[in-house]
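Before reading on, please take a moment with the sequence and the fold shown here.

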Amino acid sequence: SLCKLELRQSGVQPKDVEPLVETMMRRKNFVTLSFEQNQLADEGAQILAEGIRFCPTMHYINLTGNDIGVEGIRVLSEAILHCESLKHLTIGRNPLGSGLNYVADAIRQHPSLENLFVPYAQVEMPELRYLADAITPASRLQHIDLAGNGLGPAADSLAEAIERSTCLASLELRNNNLGAAEMKNLAKAVQTSRRFTLLGLQQNLIGDEGAGYLASAIGDQNSALEIVNASDNGISAVGTKCLAEAIPKSKRIQVFYLSNNNVGVEGACHFETAIKESNTLREIHMRECNVGDKGLTHLSEGLRFSQSVRYADFAGNNITCLGARSLSAALVENTRSSMQRFSLAGNKISCKGMEEIAKVVKTSKTLQHIDLASNLGGSRGAKAMAEAMRLSQTLSRVALGGNPFNHDSQQELLSAKRADLT
């Protein structure tokens with residue numbers, strides 16, 4: 001039978017590896033190797049590599065957070081060439097530096113690798129360019145995570161790799177110092193690819209100009225993009241307008257993240273149209289976007305007509321009972337709504353607002369989960385929510401922790417058996 005060796009956060013040190021390697025060499029049938037967040041260092045990695053050489057059936061390797069450096073990754077990269085079935089390699093949160101070049105050389109020679117995760121590995125532009133160059137038309141790589149590295153202008157090489165690749169479907173590039181210029185080249189590559197479905201861009205610096213380039217990729221009729229994360233990118237209402245106009249044109253977009261951008265009321269007004277007109281959009285993430293009650297009123301107007309949106313996150317937007325009323329009224333009126341989950345956590349919703357939310361809880365045939373944690377609900381709000389939860393036929397959980405409920409209100413909510421007060 002095939003074997004798994006999983007020792008996550010187990011304090012494994014180099015001296016502990018030799019007995020494990022002896023077992024690997026004897027059995028030769030391991031398919032999974034998970035050693036994340038241990039203390040292997042280069043010495044342990046070199047010992048472990050000996051065991052990997054004897055396991056051609058190895059399918060999955062995860063060595064995240066083991067203080068493995070250049071020499072350790074060199075030996076490991078040589079060893080994985082013996083794993084003919086290897087599909088997944090995760091080596092992030094190690095100080096790989098120039099050692100990434102050895103991984104790139106292995107990719108050139110390895111016929112089966114599909115997933116490569118190298119986040120926060122202290123690699124910079126030269127190594128990332130070398131890796132991108134290794135993604136040839138023959139490569140089977142489908143998913144790559146390069147988050148938290150010094151990508152910057154090396155994104156140009158990744159854009160070329162997207163155009164070359166016959167398999168690449170997703171890139172996670174969060175926190176990589178990407179600006180508008182880098183976004184321009186990436187967007188052009190994604191725009192022409194019929195395979196590329198996920199682009200993670202959160203915590204970069206693309207701004208409104210970059211949002212315009214991204215919008216061109218989303219709205220292109222040939223684009224296969226389904227999931228886009230543009231959170232925390234310095235995008236204002238101007239960039240939001242471009243994105244909102246592009247989303248209804250897309251035949252594929254399903255999940256869109258715009259959290260931690262200064263969307264404001266004006267941007268929310270633009271996004272209303274995207275929600276209203278898109279037939280594919282399923283998730284909207286607009287946490288901490290400074291939309292307020294007026295902005296949520298616009299977004300709710302879009303949801304009044306949407307049949308596709310299943311999840312909406314409007315947490316941390318200074319929303320009061322006025323915004324809650326707008327959202328509730330829209331969802332109650334939309335009898336064809338597909339909404340299953342929404343979040344208004346971290347706002348300023350008082351008892352009146354919770355009474356409004358209770359109305360949609362009572363009537364919805366699709367709602368399963370609501371997050372109202374860290375608001376201003378009191379006893380009246382608790383009573384209304386408890387009654388609504390008892391009447392709901394679909395709701396499984398309502399997050400209400402962090403609200404100033406007294407003991408009696410907490411007991412009433414808990415009696416409804418669907419409230420989470422943690």
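The structure is a predicted model.

**Packed helix pairs**

Two packed helices are described by the angle between their axes and the distance between the axes. The table gives these values for two pairs.

| Helix pair | Axis distance | Axis angle |
|---|---|---|
| α6 (residues 155–164) and α7 (residues 180–192) | 8 Å | about 5° |
| α9 (residues 237–246) and α10 (residues 264–277) | within 8 Å | roughly 5° |

Angles under 35 degrees count as roughly parallel, and α6 and α7 are therefore roughly parallel to each other, their angle being about 5°. On the α6 side the contact is made by A155, D156, L158, A159, I162 and E163, while α7 contributes E182, N185, L186, A189 and V190. By class, the residues of this contact of α6 with α7 comprise seven nonpolar, one polar and three charged.

For α9 and α10, whose axes cross at roughly 5°, the arrangement is likewise described as roughly parallel. Here A237, T240, K241 and A244 of α9 meet E266, G267, H270, F271 and A274 of α10. The contact of α9 with α10 divides into four nonpolar, three polar and two charged residues.

**Helices and their buried residues**

An α-helix has 3.6 residues a turn, so residues three or four places apart point the same way.

Helix α13 (351–363) has 13 residues and reaches 19 Å from its first C-alpha to its last, which is close to the 18 Å expected at 1.5 Å a residue. Its buried residues are C351, G353, M354, E356, I357, A358, V360 and V361, and what covers them includes α12 (321–333), β13 (341–343), β14 (369–371) and α14.

Helix α14 (residues 379–391) also has 13 residues, which at 1.5 Å a residue should span 18 Å, and its end C-alpha atoms lie 19 Å apart, in agreement with that expectation. The buried residues in α14 are G381, A382, A384, M385, A386, A388 and M389. They pack against α13, and also against β15 (397–399), α15 (407–415) and β16 (419–420).

Leaving aside residues up to four places away in sequence, S306 touches I275, N334, R336 and S337.

**Cysteines**

A disulfide is a covalent bond between the sulfur atoms of two cysteines. How many disulfides does the model contain? With sulfur atoms required to be within 2.5 Å, the count comes to zero. C321 is in no disulfide, and the nearest cysteine sulfur to that of C321, belonging to C351, is 10 Å away. Seen from C351, the closest cysteine sulfur is in C321, and the 10 Å between them is too far for a bond.

Conventions. Residues numbered from 1 in each chain as written. Predicted model: local features only at pLDDT ≥ 70, side-chain atom pairs only at ≥ 80, totals over all residues. Heavy atoms only, no water. Helix = DSSP H or I, 4+ residues; strand = E, 2+ residues; numbered from the N terminus. Expected span 1.5 Å × (residues − 1). Buried < 20%, exposed > 50% of the residue type's maximum accessible area, 1.4 Å probe, protein only. Contact = heavy atoms within 4.5 Å. Axes fitted to C-alpha atoms, helices over the stretch in contact; angles between N-to-C directions. Parallel < 35°, antiparallel > 145°, perpendicular 65-115°, else oblique. Nonpolar A, V, L, I, M, F, W, Y, C, P; charged D, E, K, R; others polar.
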